[in-house]
Amino acid sequence: MIWGIDIGGTNIKVGLFQEANLIYHDSFTTNTKDNGAFILKEVRDFIFNYHYFKDYPLTNIKGFGFGVPGPVKNNYIIRCPNIGWESKDLIKEFKELTNLEVPIIVANDANAAALGEYHKSNLKEDILFITLGTGVGGGIIIDGEILEGVHGSAAELGHLKVEYDEPLLCSCGLRGCLETIGGIKGLTLLARKLYSIRTLPTKLKEDDLWPVEVFNYAKKGDQLALAIIKKYADYLARGIASFTVAIDPEVIIVGGGISNAGEILIKKLKEAYLDYAYYAVKDVRFQLAELGNRAGIYGCYYLVKKHVG
Ligand SMILES: [Zn+2]
């Protein structure tokens with residue numbers, strides 16, 4: 001049995017795998033009190049409770065995989081600002097908490113999700129994974145391995161600069177990052193901006209300017225909603241085109257909450273991408289992620305599985 005643990009800013013998802021099968025999964029709120037000092041203890045308690053009540057001995061556990069919301073290099077956490085963690089040796093701390101001598105692997109959450117999607121879709125080619133949720137994250141899989149980079153930041157595509165004229169401040173301290181437009185908040189702001197200066201007919205109301213509603217109206221052919229999605233896809237495409245010319249992947253996988261919009265997002269992204277892509281990388285394939293918010297725990301499982309064989 002292998003545990004996959006995906007630590008996010010809002011909640012922590014845990015999944016128990018037997019071989020490649022997810023036999024149990026759950027989530028609980030991330031306790032960010034005291035700079036996240038209780039997070040690992042609460043993960044341990046949650047998991048130990050499960051084993052206790054199910055009458056599974058802890059010796060069944062063959063390893064733990066962790067996904068964390070920040071850069072990771074060689075299993076060492078560099079910084080996770082939204083849960084309050086500064087540089088952290090998670091492996092050492094979790095071993096002390098559990099007293100279990102099993103492998104622990106740590107990865108950036110979007111990188112883990114990329115690996116989860118890669119294996120679940122049975123891909124063999126290099127991929128670029130982009131996640132559009134509260135923030136914008138990414139993962140690169142080359143030859144079946146996560147590309148971590150020297151500073152653990154190889155696929156931080158939420159922080160590509162895509163807006164120069166009216167750049168908004170990003171959570172990272174820079175301005176004009178893709179995340180300021182590509183995340184849920186960013187798309188909402190973009191929708192409000194284009195609504196306030198609307199020049200196209202629309203049935204959208206001021207209360208409808210949320211990603212889900214904008215996509216719903218766009219699917220019905222609403223002209224302003226379509227223009228908002230076109231503009232949104234344009235920003236994303238600028239970022240993606242910079243990455244495809246750097247790593248030349250076969251497939252772009254799009255995940256995160258916004259990807260629930262479905263095929264319309266892929267279609268608009270592809271169209272916009274062609275405006276920015278270098279000619280030799282124009283035929284890259286776009287596809288929707290399959291695992292939803294479980295991609296992270298799957299990726300954590302595969303990381304440990306690879307390690308324990
Ligand atoms: Zn940024």
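A hairpin joins β1 to β2 through 3 residues. Strands here are DSSP runs (E, at least two residues), and helices are DSSP runs of H or I with at least four residues; both are numbered from the N terminus. This is a predicted model, in which local features need pLDDT of at least 70, side-chain atom pairs count only at pLDDT 80 or more, and totals for chains, interfaces and linings use all residues. Residues are numbered from 1 along each chain as its sequence is written, and side-chain values use heavy atoms, with hydrogens and water left out.

Strand β1 covers residues 2-7 and strand β2 covers residues 11-18. They pair in the antiparallel sense over 6 bridges. Two strands count as paired if DSSP finds at least two bridges between them. In this pair, G4 stands opposite G15 in β2.

Next comes strand β3, residues 21-29. It runs antiparallel to β2, and 8 bridges join the two. K13 has S27 in β3 as its bridge partner. β2 and β3 also form a hairpin, with 2 residues between them. In that turn, E19 has a positive phi of about 55°. Strands of a sheet pair through backbone hydrogen bonds, either parallel or antiparallel.

Now a helix. Helix α2 spans residues 39-54. K41 forms a salt bridge with D45, and their closest N and O atoms are 3.3 Å apart. A salt bridge here is a side-chain nitrogen of Lys or Arg within 4 Å of a carboxyl oxygen of Asp or Glu. K41 and D45 are 4 residues apart in α2, so about one helical turn separates them. By this rule the count comes to 12 salt bridges.

Further along is an open sheet of 5 strands. Its order is β10-β9-β8-β11-β12, with mixed pairing. β10 (145-146) and β12 (285-288) stand at the edges. Each has a single partner strand, so one side of each is left without a neighbour in the sheet. For β12, pairing with β11 (residues 251-255) is in the parallel sense, over 4 bridges. I253 has Q287 in β12 as its bridge partner.

Step back to the whole chain. It is divided into domain 1 (2-114) and domain 2 (122-289), with bounds from an automatic or database domain assignment. Their centres, taken over C-alpha atoms, are separated by 29 Å. The contact (heavy atoms within 4.5 Å) takes 12 residues from domain 1 and 18 residues from domain 2.

How much area do domain 1 and domain 2 bury between them? The figure is about 950 Å², with 53% of it on carbon and sulfur atoms. Buried area is the accessible area (1.4 Å probe) that two parts lose on being put together, summed over both. In domain 1, K73, N111 and A114 lose the most area to domain 2. Together they make up 51% of what that side buries.

Across this interface of domain 1 and domain 2, the rule finds 0 salt bridges. On the domain 1 side, β5 (72-73), β7 (104-108) and α4 (109-120) are the elements that give two or more residues. α4 gives the most, with 5 residues. The residues of that side divide into 8 nonpolar, 3 polar and 1 charged. Here Ala, Val, Leu, Ile, Met, Phe, Trp, Tyr, Cys and Pro count as nonpolar, Asp, Glu, Lys and Arg as charged, and the others, Gly among them, as polar.
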